[in-house]
Amino acid sequence: MKFTKLRLTLLTCTAAVPLLIAGTLLNGAAQTTPSDHNASAGSDDSTQVKIARAMSAGPTEVAKAARIVDTDAQGKMVVLREGNNGFTCMPGNPKVVGEPPMCVDAASMQWFADAKAHKPKPTNTVPGITYMLAGASQRSDSDPNDTTSMPIDVGPHWMIMWPFDPKTTGLPTTHKSTGAYIMWAGSPYAHMHIMGRP
């Protein structure tokens, strides 16, 4: 399966948000994000509102020491607050399907950057952790390129960004309101989606 137009629909698993935003963060210092994606650039929210929304995505102990970033109207990364625990939280854009608030570690940032760059497979060498505890919306659990299906609301969840195989894990590949399943199964970007809070 080719990921030539990989859109994050990140799992919430809206993988769409994660892929675009996290990829932006890794390249943000030197490059801009795609012109069609500006996290919350269209939002009139204050910096404090964005910080609170970004922090709502992660467990309290993670979010309180995480770096908080957003993108400006030109798609460049803007640091709203520095952090010191290796996690980055983003406010997302509540008006856009696939752009939820999220908190990610460095391995997840690499995973999303690889997907954004259309690499054949992720290059992170350890599993990444992505939190979406404020919930999300997405288009599909099976097709990362789906941009037309009706939005699916997804409750609080978190993900392990690592190449899980449903055949060896025994986990289902369809959306569940509880428990875990493999999102984007059959693709190099398959990962574990776990409903609820860790």
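Strands E9 (180–183) and E10 (191–195) pair in the antiparallel sense over four bridges, where helices (H or I, at least four residues) and strands (E, at least two) are DSSP runs numbered from the N terminus, and two strands are taken to pair if DSSP finds at least two bridges between them. Within this pairing, His191 of E10 is the bridge partner of Met183. The model is a predicted one, in which local features need pLDDT of at least 70 and side-chain atom pairs count only at pLDDT 80 or more, whereas totals for chains, interfaces and linings use all residues. Residues are numbered from 1 along each chain as its sequence is written, and side-chain values use heavy atoms, with hydrogens and water left out.

Strand E10 is also joined by four bridges to strand E8 (residues 157–161), and these two strands run antiparallel; here Met195 of E10 is the bridge partner of His157. Five of the five residues of E10 are buried, so the strand is largely enclosed by the rest of the structure, buried meaning under 20% relative accessible area, exposed over 50%, and partly exposed in between (1.4 Å probe, protein chains only). His191, His193 and Met195 point one way from E10, while Met192 and Ile194 point the other way.

The structure holds five aromatic pairs, defined for rings of Phe, Tyr and Trp (its six-membered ring) whose centres lie within 6.5 Å, with planes under 30 degrees apart counted as stacked, over 60 as edge-to-face and the rest as tilted. The rings of Trp111 and Trp184 have centres 6.2 Å apart and planes at 15 degrees, so this pair is stacked. Because Trp111 lies in helix H4 (residues 106–116) and Trp184 in the loop between E9 and E10, the pair ties together parts that are 73 residues apart in sequence. Trp111 and Trp184 are both buried.

For Trp111 and Tyr189, the ring centres are 5.2 Å apart and the planes stand at 80 degrees, so the pair is edge-to-face. Tyr189 is buried, as is Trp111, and one aromatic cluster is formed by Trp111, Phe112, Trp184 and Tyr189.

Glu82 is found in the loop between strand E2 (77–81) and strand E3 (88–90), and counts as exposed at 55% relative accessibility. When its neighbours within four places in sequence are left aside, Glu82 is in contact (heavy atoms within 4.5 Å) with Ala66 and Arg67. The C-alpha atoms of Glu82 and Ala66, 16 residues apart along the chain, are separated by 7.2 Å.
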